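Hi,

Here's the structure I promised to pass on.

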Amino acid sequence: MRYAILSDIHANLEALRAVLDDARDRVDAILCLGDVVGYGAEPEGCIELVAERCQAVVAGNHEHAAAGLMTLEWFNPYARAAAEWTRRRLDDDHRAWLAALPLLREFEEATLVHASPQQPDDWEYVISAEDGYRAFASFTTRLCFVGHSHLPGVWVQGSWGRSHAAGAVDVALEPGCRYLVNVGSVGQPRDRDPRAAWVLWDAEAKRVSVRRVPYDVMATRSRIVAAGLPTFLADRLGEGR
Ligand code: ZN
């Protein structure tokens with residue numbers, strides 16, 4: 001089986017559609033690591049596409065914020081404004097769908113979780129080498145896929161030791177090794193590459209790689225501005241920051 005793993009779509013429907021197009025002939029199933037909503041102007045369209053196309057979905061902090069399951073006091077002003085806008089905009093059905101998502105799921109050989117698997121609803125980022133090495137004790141599957149930082153990266157643990165690489169991911173899965181992969185962000189990349197990111201996990205070829213897909217950034221930016229969301233949320237998309 002081949003899987004697409006998507007995270008941090010952030011109500012960016014243009015980016016989500018481009019990624020689904022790119023994945024169509026490459027994968028058998030689609031998995032989603034949360035933050036479907038928040039920041040962008042098209043939460044309903046993204047929720048509906050994810051609900052229809054994804055075989056497994058876990059909740060991100062923006063799901064919990066929009067569903068009213070957490071306080072917004074730890075959010076920065078932009079995230080808070082977007083979360084409040086999203087909460088007002090969604091109807092009860094959409095909010096109920098978000099609220100019902102699990103924090104963590106095991107799927108085949110992989111654990112799916114938005115932030116660190118250590119305590120998923122503490123929403124800890126997995127960015128540094130140490131963040132990732134610490135997380136291996138908190139899942140039992142061979143692979144674990146995370147999002148949340150919007151920065152792709154991979155951590156490997158084997159009998160020979162361990163390694164970490166930030167940025168573009170393209171790894172062959174070796175026998176006896178375990179892997180933690182940050183899949184990056186579909187709808188708001190922050191690694192200075194504005195193209196949408198998603199991960200292709202090919203269980204037969206034993207390979208995990210990040211793919212980058214261009215999408216109509218200008219269309220997404222104008223929808224964010226037209227919705228009255230902070231213009232910073234539109235501007236950052238063009239720079240991937
Ligand atoms: Zn996010």
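This is a predicted model: local features need pLDDT of at least 70, side-chain atom pairs count only at pLDDT 80 or more; totals for chains, interfaces and linings use all residues.

Residues are numbered from 1 along each chain as its sequence is written, and side-chain values use heavy atoms, with hydrogens and water left out.

The protein has eight helices and 12 strands (DSSP runs numbered from the N terminus: H or I of at least four residues for helices, E of at least two for strands). Of its 241 residues, 57% count as buried, meaning under 20% relative accessible area with a 1.4 Å probe, protein chains only. Along the principal axes, the C-alpha atoms fill a box of roughly 50 × 35 × 30 Å.

Now the zinc ion: which residues hold it? Asp8 (OD), His10 (NE2), Asp35 (OD) and His150 (NE2) coordinate the zinc ion at 2.0 to 2.3 Å; donors here are N, O and S atoms within 2.8 Å of the metal (3.2 Å for Na, K and Ca), and sites may look incomplete because water is not among the atoms. In sequence, the spacing of these donor residues reads D-x1-H-x24-D-x114-H. Asp35, in the loop between strand 2 (29–32) and helix 2 (43–53), and His150, in the loop between strand 6 (143–146) and strand 7 (153–158), are 115 residues apart, so the pair links distant parts of the chain. Both Asp35 and His150 are buried.

Cheers

Methods
Buried means under 20% relative accessible area, exposed over 50%, partly exposed in between (1.4 Å probe, protein chains only).
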